[in-house]
Amino acid sequence: MTRANIDVERLREHFRTMARIRAFEEAAEAGQKSGEIRGAVHLSVGQEAVASGICANLRRSDYLVSTHRGHGHTIAKGADVTAMMAELLGKAGGTCQGKGGSMHIADFSIGMLGANGVVGAGIPIAAGAAHAVKLRGGSEIVACFFGDGAVNRGPFLEGLNWARIYDLPILFICEDNGFAATTRTRSLTGGPGPAARAEALGIPARIVDGNAVEEVDAAAAERVTRIREGGGPQFILAQTYRLKGHTAHDPATYRPAAEVEEKQRRDPIELCRETLLLRGVPAAALAADEAAARVEIAAAVAAARAQPWGDESLAWRDVQDMGAPA
Amino acid sequence: MTLMSYLEAGKRALAEEMRRDPAVWALGEDLGRGGVFGQYKGLAEEFGPQRICDTPISEACIMGAAVGAALVGTRPVVEMRFSDFALCAIDELVNQAAKARYMFGGQGRVPLVVREPVGMWRSSAAQHSQSLEAWYAHIPGLVVVTPSTPADNYGLLKAAIRCDDPVVYMEHKDLWPLEGEVEADGEALPLGKARILRQGGDLTIVAWSGVLRTVRQAAEALAGTGVAAEVIDLRTLYPWDRETVLASAARTRRLLVVHEAVAIGGFGGEIAATAAEELGVRVKRLGAPRLPVAYAPPLEAQCRVSEAQIVAAARTLL
């Protein structure tokens, strides 16, 4: 699928999803800078096309396993942004009752089995979810996101091998934003990289421009179809760029300004806008989409802010049944 | 009642639970051929390779996959082969299994059992002999079970499989051939309940797992000299049966805790401290010196708590 033949309405939907993710991330960044949002917040600004392009091919019943940089995936899978923002603010109405925060955001009602504070830790969990689907003869698939930094952890090798030997319905998405925390991943990664590693384990891999949402969408559509037809695990390496720092507090001074400027010209939302303009969608309509996204997120922030903190007893709940703390 | 070994009892419990609940499955290295100790022998034939799942030597993924599979509604029984190898899967157990329910605000449960064979056995040396139960008892979210008899291995494994929490289930390798009466098609035993093995009014000795055999011998020796020791098998380390232990210690006013694990930082300290805080009774702990376990028998023996040590420790409390 090329830019010329993607369905314009589908692309417009991507534009809206990406605009919503961007607005959410900007609000999260502002909240972190004001101190209202605590802990560590990892923004996916610049990586929205990966989340939108992949998740557009998932069903509500499909599972998703995410990373510490997981807001975009969660929104694209269909989570309620007010509940998400409430989670970031630590409110009882948050997706996790304010007990997880940004790094542990999860929404089981849409199959989102959790972000993870440990790099690469989601890969075996995703493999296990897919294993369970296969055991019970289910039709769901699992989408497993991880970053380029994760490919140097053991669970990457173990999880991909596992998915291959048991022939599991799982789509691995390596979201390569160029940085493992604050260091360039390339300088720390031996060999030709993540896709070659997947291929070496017998998992077909495809490399896509992770900033071109229509490319991500097309690759995901093809891979997801293969998985649903029983083709086993598939791998997508989506090459993108993290426009912000590792955390919202990281100014990312370890990279030249010129590089960031150049990458900003490849902002996935701007690339998508260009294509839509070429396809005849009026600029004002796209601006209206973005304004609507900002309004929606501002309302989510206001609603989440108005929510109460959880009762202190929440801290004592859901630890375990046997020997529950008293 | 049927006479069977500790190993057979565990196998029987798993088989019965697998027949009872199709969501139960087991995964681990070499399970298709019966497991490293034979504790899964015959199960692949009955339940097939999907439910008795042979895995690669990938401890992190075995445990992590079990977490994912548990979160979406199955009940995995994880075999770690030797508890020492479970250290390759600590993130998956401690950061994932033990935390998922809590940090996701109760949206999911992780009803898995991790079978971790523990303890000194046939000169297995430093990486195949450890008893690290205290580590797991320290982690909120985990249940820790240490059966010491065939009947307990049967009833407690059933209970662990039915439990909705992640359970670290530590069988002692030296107990595999131990025989005892087990009620076939029997009930699950309650987790968190200790058992009084021997009644006595002079002191309370609390122990668990393999070292209980030595504790029983020591109690016999003490009885021969007119000292009546009450011996308690704790059976579950978390949640531990405070009620039974404290009631006994309140009566005897003397408490000795004995474990195979290293004494420093061991779970015996928790029990002794609780009894001292709650009752003001005299307490003593016995465990291994803070040494890795050596290979040669006379060197390995340095880590074993002996009958003589238990008797001597008991005497210092009288």
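Visitor: How many residues does the contact take from chain B and from chain A?
Guide: This is a predicted model, in which local features need pLDDT of at least 70, side-chain atom pairs count only at pLDDT 80 or more, and totals for chains, interfaces and linings use all residues. Residues are numbered from 1 along each chain as its sequence is written, while chains are lettered from A and ligands numbered from 1 in the order in which they are written. Two residues are in contact if their C-beta atoms, placed from the backbone, lie within 7 Å. The contact takes 39 residues from chain B and 35 residues from chain A.

Visitor: Which element gives the largest share of the side of chain B that touches chain A?
Guide: Helices (H or I, at least four residues) and strands (E, at least two) are DSSP runs, numbered from the N terminus. On this side, α3 (59-71), α4 (90-97) and α5 (100-103) of chain B each supply at least two residues. The largest share is 9 residues, and it comes from α3(B).

Visitor: How do the residues of that side of chain B divide into nonpolar, polar and charged?
Guide: Ala, Val, Leu, Ile, Met, Phe, Trp, Tyr, Cys and Pro count as nonpolar; Asp, Glu, Lys and Arg as charged; the others, Gly among them, as polar. For the side of chain B that touches chain A, the division is 20 nonpolar, 14 polar and 5 charged.

Visitor: What separates the centres of the two domains of chain B?
Guide: Chain B is divided into domain 1 (2-182) and domain 2 (195-317). Those bounds come from an automatic or database domain assignment. Taken over C-alpha atoms, the centres of domain 1 and domain 2 of chain B are separated by 26 Å.

Visitor: Which elements of domain 1 of chain B each supply at least two residues of the side that touches domain 2?
Guide: The contact takes 26 residues from domain 1 of chain B and 22 residues from domain 2 of chain B. On the domain 1 side, the residues divide into 15 nonpolar, 8 polar and 3 charged. The elements that each supply at least two are α6 (133-137), β6 (143-145) and α7 (150-162) of chain B.

Visitor: Is Ser148(B) buried or exposed?
Guide: Ser148(B) lies in the loop between β6 and α7 of chain B. A residue is buried if 20 or more other C-beta atoms lie within 10 Å of its own, exposed if 12 or fewer, and partly exposed in between, with C-beta atoms placed from the backbone. Ser148(B) has 27 such atoms within 10 Å, so Ser148(B) is buried.

Visitor: What does helix α11 of chain A reach from its first C-alpha to its last?
Guide: The expected span of a helix is 1.5 Å times one less than its number of residues. Helix α11 (residues 283-306) of chain A has 24 residues, with 34 Å expected. Close to that, α11 of chain A reaches 35 Å.

Visitor: Which elements are included in what covers the buried residues of α11(A)?
Guide: Those buried residues are Asp289(A), Ala293(A), Ile297(A), Ala300(A), Val301(A) and Ala304(A). Their cover includes α1 (8-34) and α4 (81-88) of chain A.
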